Amino acid sequence: MLEQWSNGKGSEPHISQPSITPSLQYSSLTELARGPAGTLKTLLGKYPHPKLIMIDTHAHLNEIEDIHRAILRAKDVGIQGIVAVGMDLFSNRTTLDLARQFPGMVHPAIGYHPWSISQETIEENIDFIEKNLASCLALGEVGIDYKTKIKKPIQWEVFSRVLSIAARNNRPVIVHSRFSHQRSHQMVKDAGIEKGVFHWYSGPLEILEKIIDDGYYVSATPALAYSPPHQAAIKTAPMERILVETDSPVEYQGRISEPADLMITLEELSRLKGMHFEDVRSITFQNAKLFFDI
Ligand SMILES: [Zn+2]
């Protein structure tokens, strides 16, 4: 998670409608369309019967209140897979449970987020990742954040240790690099990681150039609708190195997100790149399949 993070608490006006019958086709789409979410409502009007195929490459599913409805709505807009990320022991365990509950739809990544680091929990978190990473799709969410109170040397040590586990297990890495882009990129490179995505990249374009030159990826979120640094980065990055995601349930301009909001990310990306929605969907879908080997 990055920037306008929310813990998923609070009202979710677009899913508060009672008496939804999940067995009705598109019932959940209707539910979304009824909600006050302007952009998504417009999109559903534009693509009333979507047969799109998409992968949300980054969601904190363990923080979504009504996961069954969120998964149903994701499927209805054409999401074929969700990469669920963990941040600590608890969310890693929940993420693995969700992957068992929704096989083929939820793909687990486990991680140790810089916000979750505390001296007393380092060993048990790293031990869990060591034991379970081989059965997961990727390592994440991990990284460095210079806006948290956790001391830099501790963050660097943890990041270095989890990166070496990913390298040994040949797993892609989902990187949180807020205000630490240079160091995060350097450490990923030094660890010999072949596949890395710098999630919600909003950093300097000089470092983005190095990230791309080294074969790594950046991901786009619904913040493309309003964040100039994120727009600048994603405009610069080549299409073949962009993954799309929601970082659900992050709140974007007052709206708590869920995986179905991937439609918003794709629409904003197509606007930014001046490309057709369908082309952007198709390229980013192939990118995700290639990156995660799904
Ligand atoms: Zn995240």
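**Figure 1. Contacts between helices H10 and H11 in a predicted model.** Leu266, Glu267, Leu269, Ser270 and Lys273 of H10 meet Phe277, Val280 and Arg281 of H11; two residues are in contact if their C-beta atoms, placed from the backbone, lie within 7 Å. Helices (H or I, at least four residues) and strands (E, at least two) are DSSP runs, numbered from the N terminus. H10 covers residues 262-273 and H11 residues 277-292; they pack at an angle of about 110°, and their axes are 9 Å apart. H10 is therefore roughly perpendicular to H11, a term for angles of 65 to 115 degrees. Axes are lines fitted to C-alpha atoms, for helices over the stretch in contact, and angles run from 0 to 180 degrees between N-to-C directions. Residues are numbered from 1 along each chain as its sequence is written. Because the model is predicted, local features need pLDDT of at least 70 and side-chain atom pairs count only at pLDDT 80 or more, whereas totals for chains, interfaces and linings use all residues.

**Figure 2. The open sheet of eight strands.** The strands follow the order S1-S2-S3-S4-S5-S6-S7-S8, with parallel pairing; two strands pair if DSSP finds at least two bridges between them. Strand S1 (54-59) and strand S8 (242-244) are the edge strands, each pairing on one side only. From one strand to the next, the twist averages 30°. Helix H4 (residues 89-101) lies across strand S2 (79-84) and strand S3 (106-110), and runs at about 160° to S3.

**Figure 3. Strands S5 and S6.** Three bridges join strand S5 (residues 173-176) to strand S6 (residues 196-198) in the parallel sense. Valine 175 has phenylalanine 198 in S6 as its bridge partner.

**Figure 4. The surroundings of isoleucine 211.** Isoleucine 211 belongs to helix H8 (residues 205-213). This residue counts as buried because it has 26 C-beta neighbours inside 10 Å; the cut-off is 20 or more other C-beta atoms within 10 Å, while 12 or fewer make a residue exposed and values in between partly exposed, with C-beta atoms placed from the backbone. Beyond its neighbours within four places in sequence, isoleucine 211 is in contact with His185, Phe198, Tyr216 and Val218. Glycine 196 is 15 residues from isoleucine 211 in sequence and 9.0 Å from it in space, C-alpha to C-alpha.

**Figure 5. Helix H3 and the glycine that follows.** Arg69, Ala70, Ile71, Arg73, Ala74 and Asp76 are buried in helix H3 (residues 67-76). Glycine 78, which follows H3, has a positive phi, near 105°.

Key:
Angles under 35 degrees count as roughly parallel, over 145 as roughly antiparallel, 65 to 115 as roughly perpendicular and the rest as oblique.
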